[in-house]
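Open the model in your viewer and keep the selection panel at hand. The stops below go from one selection to the next.

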Amino acid sequence: MTVVYDCQDASTRQHGIDAAASALKAGELVVMPTDTVYGLGCDAFDSGAVAALLAAKGRGRDMPVGVLVGSWHTIDGLVFAVPPAARELIEAFWPGPLSVIVRHAPSLSWDLGDAQGSVMLRMPMHPVAIELLRAVGPMAVSSANVSGQPAALTAGQARDQLDDKVAVYLDAGPAELGAASTIVDLTGPVPVIVREGPISRQQIVDVIGGDIEPVAPGESGEPTDS
């Protein structure tokens with residue numbers, strides 16, 4: 001049964017977060033608010049739940065799911081070696097609308113799709129998202145929409161597209177930024193901006209300097225996170 005919780009109401013917010021945490025631990029999907037767009041999420045370490053997330057979106061394994069975390073320090077257990085540029089960008093823009101693609105630790109028992117040993121990480125600037133992430137740990141999260149359709153900016157828009165494929169919807173009102181995050185790929189010798197969003201290329205250059213490759217037109221594909 002699908003349940004919607006009004007997280008703008010203090011009397012139901014904690015009930016919603018608790019219900020979402022229980023659903024995630026049971027391998028179910030939840031829709032959560034973030035600072036960018038609404039996200040469709042599950043336990044990052046539950047491969048069956050990740051497969052269900054991809055199926056709900058109508059998306060293949062060739063577009064792996066990113067991971068949201070609840071603190072800066074979480075990435076140290078997820079990444080084999082955090083590149084200096086990643087550390088600088090995280091200190092500058094987390095929590096916030098910046099996703100970084102890095103090499104994940106080879107020992108991790110997760111399956112986020114055909115990610116070729118990499119993972120996209122972000123810490124959102126939204127109190128409901130942070131509370132949930134700190135309750136359950138890293139979550140595999142993609143934008144809350146069916147593949148090819150607009151990303152949901154409200155819980156209602158997410159429910160219109162995903163309906164009962166989701167166990168719990170956390171409704172915190174319209175997404176503040178209304179645009180998916182900027183993505184920077186740090187897995188190669190030169191940083192690559194895969195998608196420019198709320199954080200501009202110039203802001204990134206101001207932090208890490210040096211050469212930064214912009215993505216070629218048409219290469220970024222569908223937004224892959226929230």
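Burial first: buried means under 20% relative accessible area, exposed means over 50%, and partly exposed lies in between (1.4 Å probe, protein chains only). The model is predicted, so local features need pLDDT of at least 70 and side-chain atom pairs count only at pLDDT 80 or more, while totals for chains, interfaces and linings use all residues. Residues are numbered from 1 along each chain as its sequence is written, and side-chain values use heavy atoms, with hydrogens and water left out.

**Stop 1: the sheet**

Show the cartoon. Helices (H or I, at least four residues) and strands (E, at least two) are DSSP runs, numbered from the N terminus. Two strands pair if DSSP finds at least two bridges between them.

**Stop 2: strand 7 and its partners**

Because 5 of its 5 residues are buried, strand 7 is largely enclosed by the rest of the structure. Strand 3 runs antiparallel to strand 7, joined by 5 bridges. Pick Asp43: its bridge partner in strand 7 is Met139. Strand 4 also pairs with strand 7 in the antiparallel sense, over 3 bridges. There, Val67 has Ala140 as its bridge partner.

Stay on Val67. Its bridge partner in strand 6 is Leu121. Strand 4 (residues 66-68) and strand 6 (residues 118-122) run parallel, joined by 2 bridges.

**Stop 3: helix 2**

Pick Leu54, in helix 2. Leu54 is buried, at 6% relative accessibility. Contact means heavy atoms within 4.5 Å. Not counting residues up to four places away in sequence, Leu54 touches Arg59, Gly60, Arg61, Met63 and Val65. Now draw a C-alpha to C-alpha distance from Leu54 to Ser142: 8.9 Å in space, for residues 88 apart in sequence.

**Stop 4: the core around Leu121**

Which residues touch the most other members of the largest nonpolar core? Select Leu121 and Leu132. The core holds 72 residues. Its largest share, 6 residues, comes from helix 1 (residues 10-25). A nonpolar core is a set of buried Ala, Val, Leu, Ile, Met, Phe, Trp, Tyr and Cys residues joined through side-chain atoms within 4.5 Å.

Show the surroundings of Leu121. Beyond its neighbours within four places in sequence, its contacts include Val67, Ile75, Leu78, Val79, Trp94 and Leu98.

**Stop 5: Trp94 and strand 5**

Zoom to Trp94 and Pro95. A cis peptide bond joins them, with omega about -10 degrees. Pro95 sits in the loop between helix 3 (84-93) and strand 5 (98-103).

Move on to strand 5. Of its 6 residues, 5 are buried. Strand 9 (residues 182-185) runs parallel to strand 5, with 4 bridges. Leu98 has Thr182 as its bridge partner there. Strand 6 runs antiparallel to strand 5, also with 4 bridges. On that side, Ile101 is bridged to Met120.

**Stop 6: the aromatic pair**

Where is the 1 aromatic pair of this structure? Select Phe45 and Trp110. Their rings are stacked, 5.3 Å centre to centre with 25 degrees between the planes. Rings of Phe, Tyr and Trp (its six-membered ring) pair if their centres lie within 6.5 Å; planes under 30 degrees apart count as stacked, over 60 as edge-to-face and the rest as tilted. Phe45 lies in the loop between strand 3 and helix 2, and Trp110 in the loop between strand 5 and strand 6, so the pair ties together parts 65 residues apart in sequence. Phe45 is partly exposed at 33%, whereas Trp110 is buried at 12%.

**Stop 7: two positive phi values**

Pick Gln116, in the loop between strand 5 and strand 6. Its phi is positive, about 55 degrees, although it is not a glycine. Gln116 is exposed, at 66% relative accessible area.

Finish at Asp163, in the loop between helix 5 (155-162) and strand 8 (168-171). Asp163 is not a glycine either, and its phi is near 45 degrees. Is Asp163 buried or partly exposed? Asp163 is partly exposed, with a relative accessible area of 41%.
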